[in-house]
Amino acid sequence: LRHAAEATRDEQSEALRQAQKLDALGRLAGGVAHDFNNILSVILSYAALAKDGLRADDPLLEDLTQIENAGRRATDLTRQLLAFGRRQVLHPCVLDLNDVVRSALPLVSRLVPESIEIMTTYAPRSAHVLADSSQLVQVLLNLCANARDAMPANGRLTISIAVVPPAAPDVRCGILLSITDTGTGMDEATRARIFEPFFTTKEVGKGTGLGLATVFGIVQQSEGTIDVETAPGHGTTFRIWLPERAEPLVTKSAKSAARRTAVPTGTVLLVEDDVPLCAATAALLRRAGFDVLTAPGPHAALDLVRARAGDVELLVTDVVMPGMNGLELVAAMRELIPGLRVIALTGYVNEDFAGGGLPADTRLLPKPLSPDELIDAVAEELGHI
């Protein structure tokens with residue numbers, strides 16, 4: 001018994017060390033991605049501005065398009081880092097996991113060769129979870145891609161969903177998504193590191209090592225857990241547990257409005273402490289026809305509004321800023337301008353508003369936005385579309 005107790009303590013200590021290590025790596029990845037997002041936003045913004053001034057036959061147009069394409073690929077990479085660090089912007093809603101998997105199955109079928117049999121088992125009743133649908137699809141595709149690579153010749157991929165009701169205090173309950181393959185499996189040393197970013201057993205050029213790190217981050221940010229059962233030669237099963245939602249939440253749908261042909265007008269106050277990004281964003285909005293006031297931080301923005309409150313129709317603000325965050329700025333601004341419309345921009349979710357601290361009528365958009373996305377959002381908030 002003493003040896004068993006010591007073994008259990010050793011396992012718990014190792015699990016704690018692994019959790020602390022992954023948390024530290026996640027914080028580092030989130031911070032790097034946040035700063036990189038600002039740089040990407042500047043690159044994409046100036047590429048769009050430069051393209052806008054060129055003729056359709058200008059040879060520079062293709063060069064700038066390639067810069068934009070590279071910027072978008074880098075954006076995908078930062079989103080994977082943010083997912084691992086649990087700092088990406090999610091748009092959760094209550095959905096049926098059965099429906100998510102059914103809709104993603106054609107993508108899985110294209111991902112997996114015909115030599116691999118795909119089997120699916122759905123829960124006999126609705127399996128409601130609170131999550132971001134696109135992120136759940138990303139989790140499924142990443143795990144299925146790993147399963148495919150573990151079965152280079154042939155095999156069977158099983159995707160199953162189960163609703164496990166509360167049965168006893170020590171019995172796990174919730175919505176269980178399981179992905180099982182009959183592939184090569186992993187040894188214990190590999191299994192212990194699979195969720196680390198950039199860890200991969202594939203040869204150079206065959207993978208970034210971010211697939212499972214991304215899965216880990218999305219599951220954690222969705223208030224779920226993930227565990228792995230594997231052994232060399234005996235395949236692998238990933239189990240994802242998510243809290244069950246008994247009933248779908250009634251969500252406020254976005255207001256639908258017919259597009260108008262009017263030229264965009266209106267005064268926007270842009271608050272961004274990153275000087276190059278502030279300049280690039282302001283230039284984009286001015287090129288689109290909006291009047292733009294800029295402030296390098298929250299306190300400067302408040303001083304500006306006190307002087308010209310009647311001029312500001314829309315606040316576009318970064319969320320993570322020194323001295324005062326975006327949440328506090330929105331509250332202070334609305335004391336000066338009641339009902340002020342707001343777009344909040346962020347490169348990552350931090351602890352200050354991970355729980356949804358922004359007012360319900362505030363639009364939250366992830367950086368980096370494409371120029372068109374930003375302009376459309378501003379135009380919609382100002383009533384042009």
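This is a predicted model: local features need pLDDT of at least 70, side-chain atom pairs count only at pLDDT 80 or more; totals for chains, interfaces and linings use all residues.
1. Gly235 sits in the loop between β6 and β7, helices (H or I, at least four residues) and strands (E, at least two) being DSSP runs numbered from the N terminus. Leaving aside neighbours within four places in sequence, Gly235 is in contact with Asp181, Thr182, Gly183, Thr184, Gly185, Glu229 and Thr230, where contact means heavy atoms within 4.5 Å. Gly235 counts as buried at 3% relative accessibility; buried means under 20% relative accessible area, exposed over 50%, and partly exposed in between, with a 1.4 Å probe and protein chains only.

2. Residues are numbered from 1 along each chain as its sequence is written, and side-chain values use heavy atoms, with hydrogens and water left out.

3. For the chain as a whole, the secondary structure comes to ten helices and twelve strands. Of its 385 residues, 46% count as buried. Among the contacts with a separation of 6 or more, 73% are accounted for by residues 24 or more positions apart.

4. Ile240 belongs to strand β7 (residues 236-242) and is buried, with a relative accessible area of 3%. Once neighbours within four places in sequence are set aside, its contacts are Val139, Leu143, Ile175, Leu176, Leu177, Val219, Thr225 and Ile226. For one of these residues, Leu177, the C-alpha to C-alpha separation from Ile240 is 5.1 Å, with the two residues 63 apart in sequence.

5. Leu95 is placed in strand β1 (residues 93-96), and at 11% relative accessibility Leu95 counts as buried. Apart from neighbours within four places in sequence, Leu95 is in contact with Val100, Ala127, His128, Val129, Ala131, Ser133 and Leu136. The C-alpha atoms of Leu95 and Ala127 are separated by 7.8 Å, and the residues are 32 apart along the chain.

6. Ser45 is found in helix α1 (residues 2-52), where Ser45 is buried with a relative accessible area of 5%. The side chain of Ser45 reaches the backbone oxygen of Ser41 at 2.7 Å. If residues up to four places away in sequence are not counted, Ser45 touches Ala280, Leu284 and Pro371.

7. Two packed helices are described by the angle between their axes and the distance between the axes. Here the axes of helix α8 (residues 298-308) and helix α9 (residues 326-336) come within 11 Å and cross at roughly 5 degrees, the axes being lines fitted to C-alpha atoms, for helices over the stretch in contact, with angles running from 0 to 180 degrees between N-to-C directions. Helices α8 and α9 are therefore roughly parallel to each other, a description given to angles under 35 degrees, whereas those over 145 count as roughly antiparallel, 65 to 115 as roughly perpendicular and the rest as oblique. The contact is made by Pro298, Ala301, Leu302, Val305 and Arg306 of α8, together with Leu329, Ala332, Met333 and Leu336 of α9. These residues divide into eight nonpolar, no polar and one charged, with Ala, Val, Leu, Ile, Met, Phe, Trp, Tyr, Cys and Pro counted as nonpolar, Asp, Glu, Lys and Arg as charged, and the others, Gly among them, as polar.

8. Asp376 lies in helix α10 (residues 371-381) and counts as partly exposed at 36% relative accessibility. Asp376 and Ala288 are 88 residues apart along the chain, and their C-alpha atoms are separated by 9.9 Å.

9. The backbone at Glu223 deserves a separate remark: phi is near 65 degrees, a positive value in a residue other than glycine. Glu223 lies in the loop between α6 (211-221) and β6 (225-230), and at 63% relative accessibility Glu223 counts as exposed.

10. On the cysteines, a disulfide is taken as a pair of cysteine sulfur atoms within 2.5 Å, and by this rule the count comes to zero disulfides. Cys144 is buried, with a relative accessible area of 0%, and Cys278 also counts as buried, at 10% relative accessibility.

Definitions and conventions
A polar contact is a pair of N or O atoms within 3.5 Å; within protein, one must be able to donate a hydrogen and the other to accept it, and residues adjacent in sequence count only if both atoms are side-chain atoms.
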